[in-house]
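Please consult the sequence and the structure as each answer is read.

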Amino acid sequence: MYEDVSAVTKGWKTNPVDFDSVFNQSSHTFAFGSPDVLPMFAQGATPGRVKGWSYHEDDEDFTKDATALDIWVLDQLDLLFRNATTNKLLDAQLRAPQVVFFLHLLGLDTTGHTYRPHSKEYMNNIRVVDHVVREAERLISGFYGDQETSYIFTADHGMSRIGNHGDGDPDNTRTPLIAWGAGIRNPIRDPTFSQSLDDYSAPWELEHIVRRDVEQADVAALMSTLLGTYWPVNSVGVLPDVDPRKEGYLSMLGGEREIAEAGVVNAKVLLEHYRVKHERKKAHAILYRPYEFLDHPSSFSEYPGSQRISFIEGLIRSRRFKEARRQSHELINTYDRTLIRTIVPFAYAGWIAYNALFILVPSHLPPSSSASLWIPLSFILMAVGFCGLFLIQRLPWTLHVYILFPIFFWQDVTRKPDAKSIASTLLGLVLAVTTLQTMVFGYTHRAVWSIGFVVIGLVWPLISWPQSRGSLFRPWAASCLLTAVFPLLRVDPSESLKTIIVGGMCMQFVGELATRNEASIIMFWRTFQIQLLLITLSILVTSDSVRSLQAKLGLPLVNQVAGWLIFAFAPLLPFFFPIPKTAEGRLLAYFLSFSPCFVILAIRAEGFFYLSYCMTLYLWTRVETALRQEKMKSGALANDKHMSMWNPMNLSRDDVRIALFFLFFVQVGFFGTGNVASISSFYCEPVFRLVPIFSPFLMAALILFKLLAPFVFPSAAFATLNAHLGMPPFALFLVSLSLTDVMTVTFFFKVTDTGSWLEIGQSISHFCITSLLLVFSAGIAFIGEALMQGTVLGYPRRI
């Protein structure tokens, strides 16, 4: 059984979908541990079957000794057995067959996040866990007075060297599975090291013992077999002992026969998943073809694969147990993707064409002479036909929406004038599409963003700027090259207080320098002095908080309150205090307003990135303004705009490049200092300065804020650039709208539901980022227009 990843929407405390479990199939389950984990097993289970005892949420304090959580679990188990001596009902429940004890030990996870796995604190927590396991076995054996208990020790994930988990690194995806007790075989020596030798496990010095690796879902199959219970309805695990070619885990009283029979049960469980899907598809699908490997009897009483099951059961009766296990293994050895993956790209292509024509073709022009009544009628018939097929097959209503949108877009595109000429115009966008695909590559290879900065910082000025290149070339090139460094940095840095302090001081120095050099800004000296003071306070508070946390003294209440006040007040200050009317003055005000946040939530170089990123965006607005003025003087812009008869928004080919730059800068904001998928495996150190106690929603909100805060400045910069170029509001956004969809289609085909949390999360988050980039870009454009409303324009004309 796999956990539903969408449980993140409920803070991992409950599952959005009720699921069956080994606990629910037991006679009684007694669970002890985290309040974030135990409720998800009780929800949806038979009432009264899963009983859980949890410590208070406030006990999950990252600033305290987490071994207390594990000791608490052991104490509660001891208390349970002692209570049974005076409670007959409890004693009867405990002595019933098929009882499960679930001890959830959270200490190692909390200690690893706080102090990292190779710390002395973590090593001490390991000793505590060893003690808890040893004492738990002693308590259980002492209560029952026999050796009929099976023990399974495992984990849901590992942890990297820096206290992280969620990606596909072996340290995170390989977890221990140690089984002993009733029904479990003894260790098997492997003197040849043929099965157990690899570089990953070499430090364990256990090469002489046969190691049998399994998938995490297989643990439920193993537990159900040991307990002798029904298997969970949702189980897709494979019993390790099904494959006779490998050593399993079991040593059953019934010997080989019982193991073979367990393999048949495993096959039946998995066949039931197929049978349910088969019956649904067979009842409604048109031209349905069942899985050819399985027999599909016509009798209603039989199920797919029933003849193979009967054959395997015959082998067991003939005492051919290994052959029965082999046949079961072979039988055991996946949503309608083809349809969706056909409709969605067709819809995106129609949307791109529709949006492009909306920008390029004036609405007052009449439809093409070739367009007649048969075009809309044909598309109406197509829509009715598809919807009818979907209704017959009882497909989800969402598919009806998926098919109607592309039909609407394409029927409108075919009615536009001179559609054939449009094709030749769109050929000029090949370079733009190539650039967009390069950005797609940058989602998994962050060095692409650094190369992009080198191209726009050095190559572009040398090729496209006037030969004089003027005073902006050097600061522009330096700023781009500096920003190019950050995507090359590690995405798993360790906390560095010195780097955080220096980054804050650099932001403060730039603010001081800018306020002294601009006469218009001096008039608003008080506002900027308050902002600079907040940066100073954030540095002081963060320094003391980090030192206190590193010394294991906890987070002082004064620091926590002061941190929250600075964090909340600084971004709001420009809206309550007067700020300049000039573009430069407002950009500086918005830059300084978020600087304290990048001190409080920084783990290392985020403050440097924020400073460099904002400087590059500011210089970009100046460069584009100066270039446009040069072109207007030379008359090149007018020639460019009149190359096409469709241009109601007065766009030029340069505007496509500007839109590409805009998309580039937006995505660099996501990937400049790390990977956006790290939201699911974030570093806890910065969050502890505000929230020392585990609170998944609040912690995730702070990480999201840190991720989105840099986009306030580009929104203001983009609105400034739009105004300086004399473009209608949202004109450049409409250009970027079509360009973004090219990336979205690419990521749509990359979405996967297999692999590690991070691999699945990255594929989904990348698709979601590009899909929401349309809405996000619109938000940036809207916020920018609001922030810069009433701005007095005016940049130097020299390039």
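The questions and answers below set computed values against the definitions of the terms.

Q: What kind of model is this, and how are its residues numbered?
A: This is a predicted model, in which local features need pLDDT of at least 70 and side-chain atom pairs count only at pLDDT 80 or more, while totals for chains, interfaces and linings use all residues. Residues are numbered from 1 along each chain as its sequence is written, and side-chain values use heavy atoms, with hydrogens and water left out.

Q: How many helices and strands does the chain have, and what makes a run count as one?
A: The chain has 31 helices and five strands. Helices are DSSP runs of H or I with at least four residues, strands are DSSP runs of E with at least two, and both are numbered from the N terminus.

Q: Why is Ala659 called buried?
A: Buried means under 20% relative accessible area, exposed means over 50%, and partly exposed lies in between (1.4 Å probe, protein chains only). Ala659 has 0% relative accessibility and therefore counts as buried. This residue belongs to helix H26 (residues 653–671), and its C-alpha is 9.9 Å from that of Phe718, 59 residues away in sequence. Of the 799 residues of the chain, 49% count as buried.

Q: Which classes do Cys506 and Cys597 fall into?
A: Cys506 has a relative accessible area of 27% and is therefore partly exposed. Cys597, at 3%, counts as buried.

Q: How many disulfides are found in the whole structure?
A: The search finds zero disulfides, the criterion being a pair of cysteine sulfur atoms within 2.5 Å.

Q: What makes the contact between Glu135 and Arg138 a salt bridge?
A: A salt bridge is a side-chain nitrogen of Lys or Arg within 4 Å of a carboxyl oxygen of Asp or Glu. The closest N and O atoms of Glu135 and Arg138 are 2.8 Å apart, and the pair forms a salt bridge. Both residues lie in helix H6 (residues 120–144), three residues apart, about one turn of the helix. An α-helix has 3.6 residues a turn, so residues three or four places apart point the same way. Glu135 has a relative accessible area of 18% and is therefore buried. By this rule the count comes to nine salt bridges.

Q: What parts of the chain does the salt bridge of Arg689 and Glu495 tie together?
A: The side chains of Arg689 and Glu495 meet at 2.7 Å, N to O. Arg689 lies in the loop between helix H27 (685–688) and helix H28 (696–708), and Glu495 in the loop between helix H18 (473–483) and helix H19 (497–517), so the pair ties together parts that are 194 residues apart in sequence. At 2% relative accessibility, Arg689 counts as buried.

Q: Where do Glu624 and Arg657 lie, and are they buried or exposed?
A: Glu624 is in helix H24 (residues 606–634) and Arg657 in helix H26, 33 residues apart, and the pair links distant parts of the chain. Their side chains meet in a salt bridge (2.7 Å, N to O), and both residues are buried.

Q: Why do strands S2 and S3 stand at the edges of the sheet?
A: Three strands form an open sheet in the order S2-S1-S3, with parallel pairing. Strand S2 (50–54) and strand S3 (99–103) each have a single partner strand, so one side of each is left without a neighbour in the sheet. Two strands pair if DSSP finds at least two bridges between them; strand S1 (residues 28–33) and S2 pair over five bridges. Phe30 stands opposite Lys51 in S2.

Q: What makes helix H8 mostly covered?
A: In H8 (residues 218–227), seven of ten residues are buried, among them Asp218, Val219 and Leu222. Gly228 follows H8 and has a positive phi, near 75 degrees.

Q: Which residues other than glycine have a positive phi?
A: Gln98 is one of them, with a phi of about 60 degrees, and Arg116 is another, with a phi of about 80 degrees. Gln98 lies in the loop between helix H4 (88–94) and S3, and Arg116 in the loop between helix H5 (107–115) and H6. Gln98, at 30% relative accessible area, is partly exposed, whereas Arg116, at 13%, counts as buried.
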